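My entries below follow the order in which I looked things up.

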Amino acid sequence: MQIKNDLLLRVIKGEKVERTPVWLMRQAGRILPEYRAVRESVSGFIELAQTPELAAEVTIQPVDLLGVDAAIIFSDILVVPEAMGLPYEMIEKKGPWFPDTIGSAKDLKRLQIADPAESLNYVLEAIRLAKKGLNGRVPLIGFAGAPWTIFAYMVEGSGSKTFSKARAMLYQNPVLAHQLLEMITQTTIKYLKAQVQAGANVIQVFDSWAGVLPPYQYREFSMKYIRRICEAITEAPVTVFAKGAYFAMEDIKDLPCEVVGLDWNMDIATVSKQLNGEKVLQGNLDPAALYAADDVLVAQTKKMLDQFQGDRHIANLGHGVYPDISPDKVKLFIQTVKDYSRTKNKA
């Protein structure tokens, strides 16, 4: 199917574009009243994510309501551990919680390398339905969590500021840690390939907890597995978003991925110099800037775009949009990117 608005794909390919493409992490979510209406029709987040028709509906909503240049499938990174045999719950206002965790070789025996066609088919069906509903309007992004980030939840059992339990395993039982990371990696590769086969045009790997590891451990327990994923996914371009991993840009430059996502703490000029124009840059407005007065938000958005200078880039936030941000602020950010970048490209 030919995509009508292919700005995102053209930037990734290195082609000249008339303006900067823009989308937002967590755009299919709580900021939209239309999303909340769908969510209230079911028991909660997990049922919504596991109902393909509804997941496809909320995937498409931001394209219609916000005017973004890409859709991202509505799902969660923690569907992977569940598919491997470690189910989770989503506690309202607290986040994910795993009743059981991985702490020993015995626990590892309860897991499996998942077959996406069986245990994750609801995501694949949502991709197929979203693809059909989009009807070629914009590209569809698929995603998964990086192995270290998935590992962190499976060992810790919930979100954490420090992930001290997960990090402790890297010191106390590195062999077990690598065994678990290997299982996660194999599952993730199969899952992402299945997403592309179902219709995803671009893949994003979220390493949300990259920043809690020291550099030498990040290389051993995260980067090597992200590399495996990037090497395996040859059917679609890959974006690596490693939050807090400013220390790893030299390593990320050598990854066989096309796009590098930047969080809002990363300096665009510094990263640009480190990557030497070899990657498309994505990001990285501070999500909190969307709380600002309109004129401040517009100025901050223009400032961000100016910092990319000659680099190929995709406009986004430096992390997901916060749930209490006004949709009007999001629309203003998106429209500013479109108008200002179009003017800059004509200059």
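**Entry 1: the sheet**

I began with a residue pair and noted that Leu 285 stands opposite Leu 317 in E9. I keep in mind that this is a predicted model, in which local features need pLDDT of at least 70 and side-chain atom pairs count only at pLDDT 80 or more, while totals for chains, interfaces and linings use all residues. Residues are numbered from 1 along each chain as its sequence is written, and side-chain values use heavy atoms, with hydrogens and water left out.

For the element names I rely on DSSP runs, numbered from the N terminus, where helices (H or I) have at least four residues and strands (E) at least two; two strands pair if DSSP finds at least two bridges between them. On that basis I found an open sheet of seven strands, ordered E1-E4-E5-E6-E7-E8-E9, with parallel pairing. Strand E1 (71–72) and E9 are at the edges with a single partner strand each, so one side of each has no neighbour in the sheet.

I then asked how many residues of strand E8 (residues 280–285) are buried. The count is six of its six, where buried means under 20% relative accessible area, exposed means over 50%, and partly exposed lies in between (1.4 Å probe, protein chains only). Strand E7 (residues 259–261) pairs with E8 in the parallel sense over three bridges, and Val 260 stands opposite Leu 281 in E8. E8 and strand E9 (residues 313–317) also run parallel, joined by five bridges, with Asn 284 opposite Asn 316 in E9.

From E8 the chain crosses through helix H15 (residues 294–308) to E9 in a right-handed β-α-β crossover, that is, clockwise from the first strand over the helix to the second when the strands point away from the viewer. E7, helix H14 (residues 268–275) and E8 also make a right-handed β-α-β unit.

H11 has 25 residues and reaches 36 Å from its first C-alpha to its last, close to the 36 Å expected (1.5 Å times one less than its number of residues). After H11 comes Gly 199, whose phi is positive, near 140 degrees.

**Entry 2: backbone values and a buried histidine**

I noted a cis peptide bond from Gly 283 to Asn 284, with omega near -15 degrees; Asn 284 belongs to strand E8.

Arg 26, in the loop between helix H1 (7–13) and helix H2 (33–39), has a positive phi near 65 degrees although not a glycine, and is partly exposed at a relative accessible area of 47%. Asn 276, in the loop between H14 and E8, has a positive phi of about 55 degrees and counts as exposed at 56% relative accessibility.

Where does His 319 lie? I placed His 319 in the loop between E9 and helix H16 (327–346), buried at 17% relative accessible area. Leaving aside residues up to four places away in sequence, His 319 touches Met 25, Arg 26, Phe 241, Lys 243, Trp 264 and Pro 287, contact meaning heavy atoms within 4.5 Å.
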